[in-house]
Amino acid sequence: MKNKKVRKFSEKIIENILGLSSAITSLAVILITVFLFSEGLRLFGEQPIEKNFELVVHKCNTVKHLTSLQIKNIFDGKIINWREVGGLNQEIKLFTINDIGQYFSDEEVGASFEFLPQRINELMIKDTAIIAYLPTKYLVKDFAGRKLDIDNITVGSFLAGKEWFPTAEPVVQIGILPLIMGTLWVCFGAILLALPLGLATAIYMAEITNHKIRNIIKPIIELLAGIPSVVYGFFGLVIIVPMLQQTFNLPVGEIGLAGSIILAIMVLPTIITIAEDAIRTTPNSIREASLALGATQWQTIRRVVLPNSILGITAAVVLGIGRAFGETMAVLMVTGNAAVMPNSLLQPMRTITATIAAELGEAPQGGLHYKSLFALGCVLFIITLITNTIVEWVTRRKKLS
Amino acid sequence: MKRLISLTAFAIACFAFTAATVKIKGSDTLLPLAQKWAETFMKTKSGTSINVTGGGSGVGIAALIDGTTDIATASRKIKMDEKLKLQEAGKTYKEIVVAMDALSVIVNPKNTVSKLTREQLEGIFTGKYTNWKQVGGADLKIVAYSRESSSGTFEFFKEKVMSKKNFASSCLMMPATGAVVQSVSQTKGAIGYVGFAYTNSKVKDISVSYDQGKTFIAPSLQTAINKTYPIVRPLYFYYLTKVETQVKPFINFVLSAEGQKIVTAVGYVPLQK
């Protein structure tokens, strides 16, 4: 009697522990998602200029508004005349706080910079062609210059922008279209390579070969999954990159295709293992019925076994895509990471994950760069969510029919 | 009870330990060097403990302003707004140059170009020049390799060579110095920049001119020490004057012949004596 009670009690405890575990897991997932989006969404509506800094021009300057790309080109020396951005015909003069020494002596600025705001003001009165990047606190009360009107960062400019310079001064360029395109190109290239190869191996192991050979192949494939990704990356950089460069006679070997090949190797174990399991779940009775009707082995595989296991194969592909999207280190090392719009797999590309991994460590916490990397994380999250939803939808339709 | 005693003893030991610690924080460029210095110093002077952490030059100076570090290491000079912040906090500081860092511009050994001016380098990395024949080489596409924007080397190159202009987006961004050397060695039209100590026989150093092509200087330990090689930057220690007695023994060691020998061993350029 007592024994039964104890058992009941302990079962209750186990049930509670299991319930608690699932609650913790769900909570962790929700918290991470909330954290990701709360940091990432703060990017939008911000000025693309560092906090407490201003971009100012002379009061009489006819230019009222500049796009952030124009500002970058001005400070890069690609636009050198105000006429090019709709102003008067005069050469643009750049000024940042570190240039003060060229205009005033140390005594004029003051030992503890007490005259600095005044001097800047004098400069802004004197020079009509100046564009200055200044801390807000150095602007005197009745400041002679005029603050430039700059566009805020919007979802549209973030997603459709083609320039990724998150640390540029004075105005950052946060456009992620090249990164999204790079990610998609590299991943779909990888799946295109891995799917036929993986599926063929899975069919071979499940349907054609005997136990002996399977027992050799299977552990080898599983070993692939255990190799650290940085090893794949180095292998890619030293072997695959020069190989591709020679084969296609390219000026540079760090291209999207190198990333696709490495990723294809990395997702193979996932695809093979899951697809093989799916193929194996086809009931033997169906298989034997097909053979009994006089179908050959290949006909049986193609017409009976594969249609029967299509759900599992789809799942294998999705998990493979998921792994490919999320993989960072190997891709970071072989694709060249140039943030340009790709139009073929034979170009250098920069993926979303590589960008986050390479830049988050040095981005000042809470700054524009930091927020834009979190927003990138949100985009990655949404891409993965969409792929998963599509597959869910496809498999459900298949089940219904 | 026994456990409690040993725990208390441990806590006291920890406390005593932290009390004698000199904390160093800042530049990631200086991190391997500062660690080596600290290691050697602690071996020679037992009883002192030096705690080195990275995070970036900005992080180090911010910690100096907050008072959470004794020495801030920096791969750049303290900025004006940081000076102002220190002044607002009523703190006086001292600046010491502890070593120099030099960058080599490297190309593939098969490249016929062996010297470039600063203006040409700027043009190459901003995307103005895209073919080697524009800078006196063969008809070959230029492939520019850069470090990631988070790296101190990237900042240094941008400031010293590119007059703060942005890199072209077609530049390939490499995650590590070793990867730049590897890629340049296997790509015919490649050009890259790496810390002076990382070049090897598989890549070719470029002589650089900072006077519109009058004199070209090849990077070497000698030209870097006598300051004829232009792509060199000083590395700094910053500390508050009120902790001077506490940090002085370590700084003396760093500036000593033995300390400067470590600089060469780690791959930076020692100070001229």
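1. A residue is called buried here if 20 or more other C-beta atoms lie within 10 Å of its own, exposed if 12 or fewer do, and partly exposed in between, with C-beta atoms placed from the backbone. By that rule, buried residues make up 40% of the 273 residues in chain B. The model is predicted: local features need pLDDT of at least 70, side-chain atom pairs count only at pLDDT 80 or more, and totals for chains, interfaces and linings use all residues. Residues are numbered from 1 along each chain as its sequence is written, and chains are lettered from A and ligands numbered from 1 in the order in which they are written.

2. Overall form of chain B. The C-alpha trace of chain B spans about 80 × 40 × 35 Å along its principal axes. Chain B has ten helices and eleven strands; these are DSSP runs numbered from the N terminus, helices being H or I of at least four residues and strands E of at least two. Of the contacts in chain B between residues at least 6 apart in sequence, 71% join residues at least 24 apart. Two residues are in contact if their C-beta atoms, placed from the backbone, lie within 7 Å.

3. Domains of chain B. Chain B is divided into domain 1 (2–100 + 234–266) and domain 2 (102–225), with bounds that come from an automatic or database domain assignment. The C-alpha centres of domain 1 and domain 2 of chain B lie 33 Å apart. Their contact takes five residues from domain 1 of chain B and four residues from domain 2 of chain B. On the domain 1 side, the residues divide into one nonpolar, three polar and one charged. Ala, Val, Leu, Ile, Met, Phe, Trp, Tyr, Cys and Pro count as nonpolar, Asp, Glu, Lys and Arg as charged, and the others, Gly among them, as polar.

4. Helix pair in chain B. The axes of α2 (residues 31–44) and α10 (residues 257–266) of chain B come within 10 Å and cross at roughly 140°. The two helices are therefore oblique to each other. The contact is made by B:Pro32, B:Leu33, B:Lys36, B:Trp37 and B:Thr40 of α2(B) and B:Gly259, B:Ile262, B:Val263 and B:Val266 of α10(B). By class, this contact has six nonpolar, two polar and one charged residues. Axes are lines fitted to C-alpha atoms, for helices over the stretch in contact, and angles run from 0 to 180 degrees between N-to-C directions. Angles under 35 degrees count as roughly parallel, over 145 as roughly antiparallel, 65 to 115 as roughly perpendicular and the rest as oblique.

5. The interface. In chain B, 25 residues are in contact with 34 residues of chain A. The elements giving two or more residues to this side of chain B are α4 (80–88), β7 (172–174) and α7 (177–186). The residues on this side of chain B divide into eight nonpolar, 13 polar and four charged.

6. Chain A. A:Ile176 is found in the loop between β8 (173–174) and α7 (177–208) of chain A, and counts as buried with 26 C-beta neighbours inside 10 Å. Leaving out residues up to four places away in sequence, A:Ile176 touches A:Phe158, A:Leu159, A:Gly161, A:Trp164, A:Leu376 and A:Val379. Helix α15 (residues 352–359) of chain A is mostly covered, with six of its eight residues buried.
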